[in-house]
Amino acid sequence: METIEKISDILNRCAGIVAGTILVFMILLTMGNIVLRRVWVPIRGTYEIMGFAGAVITALAMGFTQQKREHIHVDILVSRFPRGVRKAVFAVNNGLCTLFFLLAAWFVGRRGMTLLETGEVSETLRMVYYPFAFVVAFGCFLLAAMLFIDLLKLFFQKDSK
């Protein structure tokens, strides 16, 4: 269990660093586009690049955010349940979410393979789509892995209370 957590931690940290780097690039691209629009012509394809980068950032940040417990979590009702019921609710939730994001990773990965085979490109910059689809699939897989680890922790980790 500890080894799986360490591997997941390393992968999620790397994904977070990549996402943060892309975010800085997006900020610089936006600033450059604004300045160049005022003095000359805007940067061609900025809208496309921002769309692709936004998808990549979101996908890569999901697992890291789950690991740090920073997703929105509203448990007004569940917090009033007895510990055993709460544990069951969290187990069902984590199990269903794990399956959902595994399926999402699978289908997005399949779509990436289709894009690779067809050679589809973006309209303005003629960039290929498939690498972005594969990164989004990987991000969904990282989130599914974190949710599965959380599910395992519910059953195999000793309660602190």
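Me: Is Phe-141 buried, partly exposed or exposed?
Reply: Phe-141 is partly exposed, because its relative accessible area is 42%; buried means under 20%, exposed over 50% and partly exposed in between, with a 1.4 Å probe and protein chains only. This is a predicted model, in which local features need pLDDT of at least 70, side-chain atom pairs count only at pLDDT 80 or more, and totals for chains, interfaces and linings use all residues. Residues are numbered from 1 along each chain as its sequence is written, and side-chain values use heavy atoms, without hydrogens and water.

Me: Where is Phe-141 placed?
Reply: Phe-141 is in helix α4; helices are DSSP runs of H or I with at least four residues, numbered from the N terminus.

Me: And Thr-65, which helix is that in?
Reply: Thr-65 lies in α2, residues 46-67. Thr-65 counts as buried because its relative accessibility is 19%.

Me: What does Thr-65 contact, leaving aside its neighbours within four places in sequence?
Reply: With those neighbours left aside, Thr-65 is in contact (heavy atoms within 4.5 Å) with Glu-70 and His-71.

Me: Changing topic, which residues of α1 are buried?
Reply: They are Ser-8, Asn-12, Ala-15, Ala-19, Met-26, Leu-29 and Asn-33.

Me: What do those buried residues pack against?
Reply: The buried residues of α1 pack against α2 and α4.

Me: How far apart are the end C-alpha atoms of α1?
Reply: They are 55 Å apart, which agrees with the 56 Å that its 38 residues should span at 1.5 Å a residue; the expected span is 1.5 Å times one less than the number of residues.

Key
Helices (H or I, at least four residues) and strands (E, at least two) are DSSP runs, numbered from the N terminus.
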